[in-house]
Amino acid sequence: MGVLNVTPDSFSDGGRYTDIDAAVQHGMCLFREGAHVIDVGGESTRPGAERVDAPTEIARVVPVIRSLFAEGVPVSVDTSRAAVAEAALEAGAVVINDVSGGLADPRMASVAAAAGCPWILMHWRGHSREMQKLALYSDVVAEVRDELRERADDAIAAGVDPSRIILDPGLGFAKLPEHNWALSAHLGELTGLGFPVLFAASRKTYLGRLLAGPDGTPRPVGGREAATLATSLLAVASGAWGVRVHDVSATADALAVWRATGSPKFLGTRTEDK
Ligand code: PMM
């Protein structure tokens, strides 16, 4: 999954793709590099981000989704609002990527059920402004696993086909670095729930903290790619179904190396495009 944030303020690519043509070109580029789906988001979810309203989010994502659809590029919409998901599906999106796992908007489950499309349910405890206060766990792996199971149960109870559900540990969302590392190390607890698992560590702050300089300053976003590749490889080798990344080309190469080892679990890159 290639990341395409059409926001002025996302932590990694914020402000780079607010121009529709630039966004569409970048989405097409990520697709050509081997992404199976381009994840278009119109609201930053970085810690502390202010929310935008639904019309603003729709105005940002719909023209980009419509153009990518016209180019034959599969798109997921990164939103926790049912109204935005509906507009995106209407414009051609084929996947709902909901960082709130259905919690932020009670109508999202019925939209996903009616559309019959894949619905990514990410582990979430609250909106960006408050989420880091909610990073309280006694056993992060068990709690995230159990909360994700509840999200999946709720979705199924609302009429979502279980085969359409994808789970995501929500790295960095109400998580301290040690929580992210524990979830990475025990991904099998999440894949054991029986749903595909998406892993989305790309360029996140905890990687910057791991690679901090001698004065403790986190490594800037631009210097986190090698660490991102390492997390993606480890995740796929641990049974992740997919990875959500900014640098699709490098990820495709890394996963090609992994596939060359003959691992039976490989579900990654479309190497025929390379
Ligand atoms: N992280 C971000 C945005 N969307 N979606 C899913 N499913 N999982 C994530 O971890 C996730 C997401 C924030 O990262 P970005 O600013 O690089 O998009």
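Mentor: Axes are lines fitted to C-alpha atoms, for helices over the stretch in contact, and angles run from 0 to 180 degrees between N-to-C directions. The model under discussion is predicted.

Trainee: With that convention, at what angle do helix α9 and helix α10 pack?

Mentor: Helix α9 covers residues 225-237 and helix α10 covers residues 248-260. Their axes lie 10 Å apart, and the packing angle is about 40 degrees.

Trainee: Are α9 and α10 parallel or oblique to each other?

Mentor: Angles under 35 degrees count as roughly parallel, and 65 to 115 as roughly perpendicular. The angle of α9 with α10 is about 40 degrees. The two helices, α9 and α10, are therefore oblique to each other.

Trainee: How many residues of the contact of α9 with α10 are nonpolar?

Mentor: From α9 the contact draws on Leu229, Leu233, Val236 and Ala237, and from α10 on Ala250, Thr251, Ala254, Leu255 and Trp258. The division by class gives no charged residues and one polar residue, and the nonpolar ones number eight.

Trainee: Are α2 and α3 oblique or roughly parallel to each other?

Mentor: The axes of helix α2 (residues 54-70) and helix α3 (residues 82-91) come within 8 Å and cross at roughly 20 degrees. Angles under 35 degrees count as roughly parallel. It follows that α2 and α3 are therefore roughly parallel.

Trainee: How many charged residues does the contact of α2 with α3 contain?

Mentor: On the α2 side, the residues in contact include Glu57, Arg66 and Phe69, and on the α3 side they include Ala83, Val84 and Ala91. The division by class gives 11 nonpolar and no polar residues, and the charged ones number two.

Trainee: In which sense does α1 pass α2, left-handed or right-handed?

Mentor: The axes of α1 and α2 come within 9 Å and cross at roughly 45 degrees, and the helices are therefore oblique to each other. The crossing in which α1 passes α2 is right-handed.

Trainee: Which strands are the edges of the sheet?

Mentor: Six strands form an open sheet with parallel pairing, in the order β1-β2-β3-β4-β5-β6. An edge strand pairs on one side only, and this holds for β1 (2-5) and β6 (165-168).

Trainee: What angle does the direction of helix α1 make with that of β1?

Mentor: The sheet has a twist that averages 25 degrees from one strand to the next. Helix α1 (residues 20-32) packs on the sheet, touching β1 and β2 (38-41). Its direction and that of β1 make an angle of about 175 degrees.

Trainee: Which residue stands opposite Leu121 in β5?

Mentor: Strand β4 (residues 95-98) and β5 pair in the parallel sense over three bridges. Strand β5 (residues 119-122) is covered on both faces, with Trp119 and Leu121 buried on one side and Ile120 and Met122 buried on the other. The residue opposite Leu121 is Asp98.

Trainee: Is Pro118 buried or exposed?

Mentor: Pro118 lies in the loop between α4 (108-115) and β5. Leaving aside neighbours within four places in sequence, its contacts are Val94, Val95, Ile96, Arg164 and Ile166. Buried means under 20% relative accessible area. Because its relative accessibility is 19%, Pro118 counts as buried.

Trainee: How far apart in space are Pro118 and Asp161?

Mentor: In sequence, Pro118 and Asp161 are 43 residues apart. In space, C-alpha to C-alpha, Pro118 and Asp161 are separated by 8.9 Å.

Methods
Residues numbered from 1 in each chain as written. Predicted model: local features only at pLDDT ≥ 70, side-chain atom pairs only at ≥ 80, totals over all residues. Heavy atoms only, no water. Helix = DSSP H or I, 4+ residues; strand = E, 2+ residues; numbered from the N terminus. Parallel < 35°, antiparallel > 145°, perpendicular 65-115°, else oblique. Contact = heavy atoms within 4.5 Å. Nonpolar A, V, L, I, M, F, W, Y, C, P; charged D, E, K, R; others polar. Buried < 20%, exposed > 50% of the residue type's maximum accessible area, 1.4 Å probe, protein only. Pairing = 2+ DSSP bridges. Left-handed = near helix turned anticlockwise from the far one by under 90°.
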